[in-house]
Amino acid sequence: MTGHPTRAAEFIALPQRAAWHDQSLWFVRAKRDKAAKAIPEWESLRDAAAAIKAHTVANLADYLEEFERNAKKLGAVVHWARDAAEHNAIVLKILSDHNVKRVVKSKSMLTEECHLNPHLEAAGIEVVDTDLGERIVQLANERPSHIVLPCIHKKKEEIGELFHEHLGTDAGASDPQYLTEAARGHLRDRFLKADAGLTGVNFAIAETGGFVVCTNEGNADLGVSLPPIHIACMGIEKLIPKASDLGVFLRLLARSATGQAITTYSSHFHGPRAGCELHIVLVDNGRSTVLGQDDFRRSLNCIRCGACMNTCPVYRRSGGHSYNATVPGPIGSILEPARDPAKHASLPHACSLCGSCSDVCPVKINIHEQLLIWRRELVKKGLLPLTKRWAMSIGSAVFQRPWLYKMAGGMGRLALKLLPRFLVYSRLNPWGKQRELPTPPKQSFRDQYKARHGK
Amino acid sequence: MASSRDAILATVRAAKVPQAARPEPFRTGIRYADPLKQFGESLAAVGGKMIVAPNAESARAQLLENPLLVPGKKTCSLLPEIIAPTFSLDDVADPHDVEDVWLAVLPGEFAVAENAAVWFLGRRLKHRVVPFITQHLVLVVPRDQVVNNMHEAYDRLKFGTVEFGVFLSGPSKTADIEQSLVIGAHGARSPSGVMLG
């Protein structure tokens with residue numbers, strides 16, 4: 001299986017793309033900083049959010065029961081799914097029972113995680129992702145490369161080509177205004193023809209039995225306000241105890257995600273529309289296991305704002321697809337190995353441990369610390385790549401023997417001085433890629449120390 | 001066989017997460033010397049426009065300065081004294097039939113200064129799709145109904161019955177194509193906030 005470095009190498013094969021991707025995301029990070037600084041109480045908001053989440057996960061079973069009770073009282077049907085397969089089966093059954101042929105869906109990372117679309121499509125149901133970015137990657141037969149900005153990896157010219165092929169826009173047209181207008185027309189038609197609307201959930205409120213969905217485009221609201229069936233899919237960690245907690249989370253979410261003070265639409269659903277059905281699917285899919293892990297429990301605090309991706313020096317330069325995961329970037333590098341350590345073994349290493357992710361996280365997840373712990377876990381599970389294992393055992397042998405360390409240092413200095421460039425900057429030395437190695441000092445630290453203290 | 005519900009709840013309970021007290025409600029939200037002015041600035045920042053009008057007549061005159069809001073196009077209005085409706089929503093059986101609404105003039109319950117959000121209640125309308133499907137949206141809020149921040153906003157909200165409510169902040173937008181901001185992704189292309197009174 002190819003790991004993150006191989007896929008990242010594919011992404012940066014076009015050097016302009018890596019630089020452009022890096023700058024686009026840094027622009028979003030800068031907007032986040034500006035929005036955060038405009039709020040004097042920003043840091044105490046983060047503390048409050050982390051405390052609410054810690055309290056909620058400590059009492060999650062009670063809050064889930066409270067939520068179910070109140071949601072049912074309002075007329076919603078509540079379903080429980082242990083894993084992705086059960087989730088997909090539940091959604092398909094609801095749709096089949098109502099003879100649904102066309103579904104419109106707003107952004108939901110959970111349904112991505114469960115691979116719902118192919119499951120429904122195999123049953124002959126048309127699923128249209130209605131978030132513009134998600135529609136673009138759906139037409140391109142790709143997966144989102146970012147949880148908030150699904151097609152941040154695509155140039156407008158590529159989107160123009162895609163729309164020309166699928167939506168009949170003018171060949172060569174790449175103006176974002178023109179392309180968005182074309183998508184608006186195309187998707188409006190799908191909204192009007194849909195038999196059911198599917199959404200994710202940003203926050204579910206135990207106290208009221210309602211839930212909140214946030215979008216900028218208004219696609220969730222259009223999608224569920226026309227057809228008679230609304231299905232909302234959520235991970236069990238989306239619970240918050242009280243409606244007043246939303247004040248804390250809605251103030252943090254959009255500012256952290258894109259630097260907006262709030263998303264354009266923050267919709268509060270309590271019960272179905274008159275004469276319609278509302279189904280809520282509560283999904284575990286490994287979350288309860290993470291709940292029992294002291295080292296990783298806090299990763300369940302995540303509100304999917306994407307701030308850790310926008311700030312991550314590795315993500316910005318390697319692109320979301322290099323993670324080969326539903327949730328890429330720093331938080332994904334914790335969540336994904338929890339689900340499948342062997343498949344995602346390279347992700348906790350796609351990190352310089354700079355800690356910037358933890359600094360911007362609105363719910364104060366210790367992301368970089370968890371990534372370090374994951375590396376240890378991978379060693380224990382025997383999932384460290386061979387190259388790293390060799391390097392580590394050589395390193396360990398050298399550091400345990402002062403004489404060997406001294407000799408190796410001397411050889412290194414000599415080699416850097418004498419070896420020709422083509423040997424130093426060869427395939428055997430990844431540290432020589434895209435950077436100059438330092439000029440070796442004439443004397444080692446040890447020699448300098450000896451000379452100064454005249455021993 | 002245990003149901004999935006019971007199995008999930010049992011695993012969650014078995015996780016034995018250390019207890020953490022519920023924090024005190026957050027009460028220290030930002031406050032503004034002039035919340036109305038701040039609301040106007042927040043709305044302008046997200047691509048909307050605030051109109052302050054002492055009465056319906058003035059509101060109408062100021063709205064009609066916008067060439068997009070030409071009277072006569074299909075209009076859904078709950079505030080006929082500002083702009084008259086061209087049809088009665090109550091006579092429409094199927095929400096799909098409001099697809100071609102050009103302008104909606106609807107009452108907002110209150111506005112939030114920090115983020116230009118206006119709280120709108122679905123029960124005001126027979127078909128709640130109207131504010132999302134219309135091409136242009138005007139929300140009318142009494143000018144003394146502006147709170148500073150979201151904490152004050154939730155202090156005013158009571159949930160517990162079947163209800164749909166939404167905070168609307170500015171026009172529908174997307175920046176999914178190369179981070180270029182485009183107004184009018186799916187929903188209203190131009191929302192105005194009329195602060196009345």
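Modeller: Two residues are in contact here if their C-beta atoms, placed from the backbone, lie within 7 Å. The model under discussion is predicted.

Colleague: Which residues in helix 1 of chain B does helix 4 of chain A meet?

Modeller: Helix 4 of chain A covers residues 60–73. From this helix, A:Leu60, A:Ala61 and A:Leu64 take part in the meeting. On the side of chain B, the partners in helix 1 are B:Leu9, B:Val12 and B:Arg13.

Colleague: Are helix 4 of chain A and helix 1 of chain B roughly parallel or roughly antiparallel to each other?

Modeller: The axes of the two helices come within 8 Å and cross at roughly 150°. Angles over 145 degrees count as roughly antiparallel. Helix 4 of chain A and helix 1 of chain B are therefore, relative to each other, roughly antiparallel.

Colleague: Which helix gives the largest share of the side of chain B that touches chain A?

Modeller: The contact draws 73 residues from chain A and 61 residues from chain B. Elements giving two or more residues to the chain B side include helix 4 (130–133), helix 5 (150–156) and strand 8 (163–168) of chain B. The largest share, 8 residues, comes from one element of chain B, namely helix 1.

Colleague: Which residue is the bridge partner of A:His270 in strand 8 of chain B?

Modeller: Strand 9 of chain A, residues 265–270, pairs with strand 8 of chain B in the antiparallel sense, over 6 bridges. A:His270 has its bridge partner in strand 8 of chain B. That partner is B:Glu163.

Colleague: Which are the edge strands of the open sheet of 5 strands in chain B?

Modeller: The strand order of this sheet is 1-11-6-3-2, and the pairing is parallel. An edge strand pairs on one side only, and this holds for strand 1 (49–53) and strand 2 (75–77) of chain B. Neighbouring strands of the sheet are turned against each other by 15° on average, direction ignored. The edge strands of chain B are thus named strand 1 and strand 2.

Colleague: Which residue is the bridge partner of B:Pro142 in strand 11 of chain B?

Modeller: Strand 6 (residues 136–142) and strand 11 (residues 190–196) of chain B run parallel and are joined by 7 bridges. In strand 11 of chain B, B:Pro142 is partnered by B:Leu196.

Colleague: At about what angle to strand 1 of chain B does helix 3 of chain B run?

Modeller: Helix 2 (residues 35–45) of chain B lies across strand 1 and strand 11 of chain B. Helix 3 (residues 56–64) of chain B lies across strand 1, strand 6 and strand 11 of chain B. The angle of helix 3 to strand 1 of chain B is about 145°.

Colleague: What is the distance between the end C-alpha atoms of helix 2 of chain A?

Modeller: Helix 2 of chain A holds 23 residues, 15–37. At 1.5 Å a residue it should span 33 Å, and the model agrees with this. The end C-alpha atoms of helix 2 of chain A are apart by 33 Å.

Colleague: Against which helices of chain A do the buried residues of helix 2 of chain A pack?

Modeller: The buried residues of helix 2 of chain A are A:His21, A:Leu25, A:Val28, A:Arg32 and A:Ala35. They pack against helix 12 (245–257), helix 14 (307–311), helix 15 (313–318) and helix 17 (356–360) of chain A.

Colleague: Is A:Leu378 buried or exposed?

Modeller: A:Leu378 sits in helix 18 (residues 367–380) of chain A. Beyond its neighbours within four places in sequence, its contacts include A:Pro341, A:Ala345 and A:Leu384. The cut-off for a buried residue is 20 or more other C-beta atoms within 10 Å. A:Leu378 has 22 and is therefore buried.

How values were computed: Residues are numbered from 1 along each chain as its sequence is written. Chains are lettered from A and ligands numbered from 1 in the order in which they are written. This is a predicted model: local features need pLDDT of at least 70, side-chain atom pairs count only at pLDDT 80 or more; totals for chains, interfaces and linings use all residues. Helices (H or I, at least four residues) and strands (E, at least two) are DSSP runs, numbered from the N terminus. Two strands pair if DSSP finds at least two bridges between them. The expected span of a helix is 1.5 Å times one less than its number of residues. A residue is buried if 20 or more other C-beta atoms lie within 10 Å of its own, exposed if 12 or fewer, and partly exposed in between; C-beta atoms are placed from the backbone. Axes are lines fitted to C-alpha atoms, for helices over the stretch in contact, and angles run from 0 to 180 degrees between N-to-C directions. Angles under 35 degrees count as roughly parallel, over 145 as roughly antiparallel, 65 to 115 as roughly perpendicular and the rest as oblique.
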